[in-house]
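Grab a pencil and work through these exercises with the structure open beside you. Try each task before you read its solution.

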Amino acid sequence: MAKVLVVDDADSVRLMLIRALEDEHTVSQAANGFEALRIAEAEHPEVIVMDLDMPVMDGVEATRRIKSSPHLAGIKVLAITGQKNSENSRLIRASCDAFMEKPFRLAELREIVNRLVREKSD
C-alpha cells in the first residue's frame, strides 16, 4: 500500500477523501499546508492530495516548498481547488503533477492517485 497524505482545511472534505482512498492506500491527513510539510518530512508519502485554498499556509505555497526541497521534490502532488481559473490555479498547474477542480468524482480521484503512485514507482 502506498502512503498518501490528504490535505484540506474542511473536515468533511478531508474525511470524504480519506474514505475514498483508504481501501487501497495508507492515508494520513493535514488541515493546512504547514501541517502538510511537517507530515511530508516525517512520512515521505508517495502522493499528496492538496487543497489550494487553506488558512495558515495555502496549498500553492506548500506545493512550492515541497517541489523545491531536495528531500521532498519526488513526492507527487495532486492539487484540488474549487476556484475555477484563479491565479492560484494557474500557478499550481505549473508545479503540481496533476490537477482537479471541485466538484469531482471520487472514482476520478482514485484513478489519478493510483496513476501517480505507479509513476512514483517507475
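**Exercise 1.** Find out where in the structure Glu-119 and Arg-115 lie, and how their side chains meet.

*Solution.* Step 1: both Glu-119 and Arg-115 lie in helix α5, 4 residues apart, which is about one turn of the helix. (Helices, H or I with at least four residues, and strands, E with at least two, are DSSP runs numbered from the N terminus.)

Step 1: their side chains meet in a salt bridge, at 2.9 Å from N to O. That term asks for a side-chain nitrogen of Lys or Arg within 4 Å of a carboxyl oxygen of Asp or Glu.

Step 2: check how open Arg-115 is. At 31% relative accessibility, Arg-115 is partly exposed. (Buried means under 20% relative accessible area, exposed over 50%, and partly exposed in between, with a 1.4 Å probe and protein chains only.)

A quick word on what you're looking at: this is a predicted model, where local features need pLDDT of at least 70 and side-chain atom pairs count only at pLDDT 80 or more, while totals for chains, interfaces and linings use all residues. Residues are numbered from 1 along each chain as its sequence is written, and side-chain values use heavy atoms, leaving out hydrogens and water.

**Exercise 2.** Work out which parts Glu-119 and Lys-76 tie together.

*Solution.* Step 1: Glu-119 also forms a salt bridge with Lys-76, with the closest N and O atoms 3.6 Å apart.

Step 1: Glu-119 sits in helix α5 (residues 106–121) and Lys-76 in strand β4, so this pair links parts that are 43 residues apart in sequence.

Step 2: compare accessibility. Glu-119 is partly exposed at 33%, whereas Lys-76 is buried at 17%.

Step 3: list what Lys-76 touches. Setting aside neighbours within four places in sequence, the contacts of Lys-76 (heavy atoms within 4.5 Å) include Val-47, Lys-67, Asp-97 and Leu-116.

**Exercise 3.** Lys-67 and Asp-97 form a salt bridge; say why the pair ties together parts 30 residues apart in sequence.

*Solution.* Step 1: the side chains meet at 2.7 Å, N to O.

Step 1: Lys-67 belongs to helix α3, and Asp-97 to the loop between α4 (87–95) and β5 (98–101), so the two ends of the bridge come from parts 30 residues apart.

Step 2: Lys-67 is partly exposed, at 23%, and Asp-97 is partly exposed too, at 30%.

Step 3: The structure holds 8 salt bridges, and bridges with shared partners join Asp-8, Asp-51 and Lys-102 into one network.

**Exercise 4.** Which residues touch the most other members of the largest nonpolar core, and which elements supply at least two residues each?

*Solution.* Step 1: know the term. A nonpolar core is a set of buried Ala, Val, Leu, Ile, Met, Phe, Trp, Tyr and Cys residues joined through side-chain atoms within 4.5 Å.

Step 1: this core has 21 residues, and Leu-5, Val-7, Ile-48, Met-50 and Ile-66 touch the most other members. At least two residues each come from β1 (2–7), α2 (33–43), β3 (47–51), α3 (59–68) and β4 (76–81). The largest share, 4 residues, is from α2.

**Exercise 5.** Which residues of α2 are buried, and what covers them?

*Solution.* Step 1: Gly-33, Ala-36, Leu-37, Ile-39 and Ala-40 are buried in α2.

Step 1: their cover includes β1, β2 (25–30), β3 and α3.
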